[in-house]
Amino acid sequence: MAQEDAVRCLRCLLYALNLLFWLMSVCVLGVAAWIRDTLNTVLTLTAHTRLEEAAVLTYSPAVHPVIICVCCLLIIVAMVGYCGTLRSNLLLLSWYFCSLLVIFCVELASAVWTYDEPSVQRADMISLKFRMPNYGLQRYQWLTQTWDSFQMQFKCCGVIYFTDWLEMTEMEWPPDSCCTNQYPGCARHAHHHDLSDLHQEGCGPKIYSFIRGTKQLQVLRFLGVSIGVAQILAMALTLTLLWALYCGRQFQELDSEVTPGLPEDSTSIAATNGTTTDASKSGCGRMTKGRTETSAAEAQLKDPQVEMEWLNAAG
């Protein structure tokens with residue numbers, strides 16, 4: 001009964017861990033996709049600068065293809081582990097354990113390989129100004145759309161201040177994406193009438209803060225560590241469950257080989273002849289030994305002399 005309760009407890013814990021794997025893997029994929037859009041915009045604006053290298057070093061562990069593939073594979077492995085736990089299938093549980101071990105090693109190797117501390121300073125933001133003269137040119141439409149998208153998303157204008165557009169380009173006023181309330185010609189109207197209608201903060205500090213780390217990146221790091229800890233715990237529980245199921249099946253096989261219908265006081269007679277079964281012993285090997293001793297006791301009971309002694313004692 002105690003062994004059955006232990007197996008039931010292990011199965012419940014594995015159910016919970018597999019559900020946790022599904023939830024955390026989906027969260028990692030969602031947050032990584034969210035960061036990836038902004039990261040692509042930042043990489044476009046900071047191309048061929050030190051800021052690009054710093055951004056890659058910071059976010060490559062979070063949006064690396066290996067990590068994305070591992071999360072997708074972990075969802076499938078968790079489903080296999082759930083089925084193996086539900087059916088108490090030793091083969092599926094063994095495959096589940098090996099898969100978790102391989103995934104954990106890949107995650108650890110990827111984290112060590114991609115880990116590097118970025119070196120970036122605020123003075124590097126000035127290099128973004130050299131990307132501004134291409135704004136609005138026909139062959140740089142992709143850069144124009146990137147600038148507009150970043151300024152609207154982060155509510156900023158220019159690199160340090162909105163006047164950067166006037167200094168680095170031939171424009172007489174900033175782009176309309178700098179307006180707090182956007183409509184066609186809003187930047188021209190704000191430039192001549194009310195400058196407060198333009199975003200006053202530059203995009204340089206926004207990019208610097210993004211490269212140094214965002215809340216989304218911290219969430220991804222926390223999820224990555226949590227998944228690793230949960231995998232270690234799941235592997236330990238799976239090994240324990242495999243051992244319990246294997247020993248339970250060995251016990252059932254030995255029990256099925258024992259001849260039924262022993263006398264009620266066969267234990268005392270077996271003890272008189274020096275063969276006892278220690279029911280209080282635990283472990284797969286000890287249960288096997290106990291079954292062997294019981295079989296020896298039954299063999300002695302089949303002896304005619306022992307049977308006559310038992311009949312005389314009963315009379």
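How many salt bridges does the predicted model contain? The count comes to two. One joins D164 to K129, with the closest N and O atoms 3.5 Å apart. This pair links distant parts of the chain, the two residues lying 35 residues apart. D164 sits in helix α6 (residues 164-168), whereas K129 belongs to the loop between α4 and α5 (141-154). D164 is buried, at a relative accessible area of 3%. K129 is also buried, at 16%.

The other salt bridge pairs K206 with E201. Here the closest N and O atoms are 3.5 Å apart. K206 counts as partly exposed, with 23% relative accessibility. E201 is partly exposed as well, its relative accessible area being 40%.

E107 was examined next. This residue is placed in helix α4 (residues 90-114). E107 is buried yet has no salt bridge. R221 provides the nearest side chain of opposite charge, 15 Å away. Side chains of opposite charge can pair when their charged atoms come close. Apart from neighbours within four places in sequence, E107 contacts V70, I227 and Q231.

Helix α8 spans residues 203-212. Its buried residues are C203, G204, I207, Y208, F210 and I211. Viewed down the axis of α8, these residues fall within an arc of 160°, so they line one face of the helix. An α-helix has 3.6 residues a turn, so residues three or four places apart point the same way. G213 follows α8 and has a positive phi, near 130°.

Methods. Residues are numbered from 1 along each chain as its sequence is written. This is a predicted model: local features need pLDDT of at least 70, side-chain atom pairs count only at pLDDT 80 or more; totals for chains, interfaces and linings use all residues. Side-chain values use heavy atoms; hydrogens and water are left out. Buried means under 20% relative accessible area, exposed over 50%, partly exposed in between (1.4 Å probe, protein chains only). Helices (H or I, at least four residues) and strands (E, at least two) are DSSP runs, numbered from the N terminus. The arc is that of the directions from the helix axis to the C-beta atoms. Lys and Arg count as positive and Asp and Glu as negative; His and the chain ends are not counted. A salt bridge is a side-chain nitrogen of Lys or Arg within 4 Å of a carboxyl oxygen of Asp or Glu. Contact means heavy atoms within 4.5 Å.
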